[in-house]
Amino acid sequence: MRVGQSRQAQYAAIHEAIDAVPHEAAAEIHSDNGIYREKLFCDKRDITLIGESREGVRIENGDGAFHPHADGRPFGTFRSYTAFFKGGRLSAANLTIANTAGPGRIHGQGIAAAVESEQVYFSNVALLGWQD
């Protein structure tokens with residue numbers, strides 16, 4: 001599967017490609033360089049995310065712990081993630097996951113990635129968040 005704006009891309013957003021994968025299937029998702037402003041949630045059994053380059057593929061979201069959630073309550077630290085991974089196997093390479101919330105004293109903590117997967121492998125991945 002390919003994500004991006006190129007003619008070879010089947011999806012414009014990474015979460016669209018993840019959502020298209022059957023839960024128990026293994027999938028490899030390739031992302032073209034670009035800024036992907038989205039909040040990822042992945043509970044699939046076997047996902048591999050491969051970016052074109054660590055500097056060029058940036059997944060970002062700006063939720064901070066103090067920001068209001070749709071239900072009116074603050075996000076809190078554990079809902080402030082840009083990407084949440086759980087499930088079986090996760091492999092990610094050549095990309096950046098960033099939380100752009102801003103300084104913690106103003107916005108609260110902002111988690112780049114929350115990971116609860118059984119097996120995890122990151123290679124050439126930058127995680128940029130707002131922790132204390």
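In the predicted model, arginine 45 is partly exposed, with a relative accessible area of 33%. Its side chain forms a salt bridge with glutamate 118, and the closest N and O atoms are 3.0 Å apart. Glutamate 118 sits in strand β8 and arginine 45 in the loop between β4 and β5, so this pair ties together parts that are 73 residues apart in sequence. Glutamate 118 is exposed, at 59% relative accessible area.

The salt-bridge count comes to nine. One of them joins lysine 39 to aspartate 63, with 2.8 Å between the closest N and O atoms. Distant parts of the chain are linked here: lysine 39 belongs to the loop between β3 (34-37) and β4, and aspartate 63 to the loop between β6 and β7, 24 residues apart. Lysine 39 is partly exposed, with a relative accessible area of 28%. Aspartate 63 is buried, at 15%. Another salt bridge brings together the side chains of aspartate 71 and arginine 79, at 3.4 Å from N to O. Aspartate 71 is partly exposed, with a relative accessible area of 41%. Arginine 79 is partly exposed too, at 25%. Side chains of opposite charge can pair when their charged atoms come close.

Lysine 44 presents another case. This residue lies in the loop between β4 (40-42) and β5 (46-51). Lysine 44 is buried yet has no salt bridge. The nearest side chain of opposite charge is that of aspartate 19, 5.4 Å away. A salt bridge requires a nitrogen and a carboxyl oxygen within 4 Å, so aspartate 19 does not qualify as a partner at 5.4 Å. Instead, the side chain of lysine 44 reaches the backbone oxygen of isoleucine 18 at 3.0 Å. Beyond its neighbours within four places in sequence, lysine 44 contacts Ile18, Asp19, Val21, Pro22, His23, Lys86, Gly87 and Gly88.

The overall fold comes next. The chain has two helices and eight strands. Along the sequence they follow the pattern β-α-β-β-β-β-β-β-α-β. The C-alpha trace spans about 40 × 30 × 25 Å along its principal axes. A compact globule of 132 residues would have a radius of gyration near 14 Å, and the chain agrees with this at 14 Å. Buried residues make up 43% of the 132 residues. Among contacts with a separation of 6 or more, 61% involve residues 24 or more positions apart.

The largest nonpolar core has 22 residues. Ile14 and Leu49 have the most contacts inside this core. At least two core residues come from each of α1 (14-20), β2 (26-31), β4, β5, β6 (57-61) and β7. Strand β7 supplies the largest share, six residues. Isoleucine 14 touches Val3, Ser31, Tyr36, Glu38, Leu40, Leu49 and Ile59, leaving out residues up to four places away in sequence. In soluble globular proteins, nonpolar side chains tend to be buried together.

Threonine 82 is found in the loop between β6 and β7. This residue is buried, with a relative accessible area of 0%. A polar atom of the threonine 82 side chain lies 2.9 Å from the backbone oxygen of alanine 98. Not counting residues up to four places away in sequence, threonine 82 touches several others, including Glu38, Leu40, Ile59, Ile97, Ala98 and Ile111.

The C-alpha atoms of alanine 98 and alanine 126 are 7.9 Å apart, and the two residues are separated by 28 positions along the chain. Alanine 126 lies in β8 and is buried, with a relative accessible area of 16%. Apart from neighbours within four places in sequence, alanine 126 contacts Arg54, Leu95, Thr96 and Ile97.

Most residues other than glycine have a negative phi. Asparagine 94, in strand β7 (residues 83-99), has a positive phi near 60°. Asparagine 124, in strand β8 (residues 113-128), has a positive phi near 55°. Asparagine 94 is partly exposed, with a relative accessible area of 24%. Asparagine 124 is partly exposed at 40%.

Conventions: Residues are numbered from 1 along each chain as its sequence is written. This is a predicted model: local features need pLDDT of at least 70, side-chain atom pairs count only at pLDDT 80 or more; totals for chains, interfaces and linings use all residues. Side-chain values use heavy atoms; hydrogens and water are left out. Helices (H or I, at least four residues) and strands (E, at least two) are DSSP runs, numbered from the N terminus. Buried means under 20% relative accessible area, exposed over 50%, partly exposed in between (1.4 Å probe, protein chains only). Lys and Arg count as positive and Asp and Glu as negative; His and the chain ends are not counted. A polar contact is a pair of N or O atoms within 3.5 Å; within protein, one must be able to donate a hydrogen and the other to accept it, and residues adjacent in sequence count only if both atoms are side-chain atoms. Contact means heavy atoms within 4.5 Å. A nonpolar core is a set of buried Ala, Val, Leu, Ile, Met, Phe, Trp, Tyr and Cys residues joined through side-chain atoms within 4.5 Å. The radius of gyration is taken over C-alpha atoms; the globule rule is 2.2 Å times the number of residues to the power 0.38.
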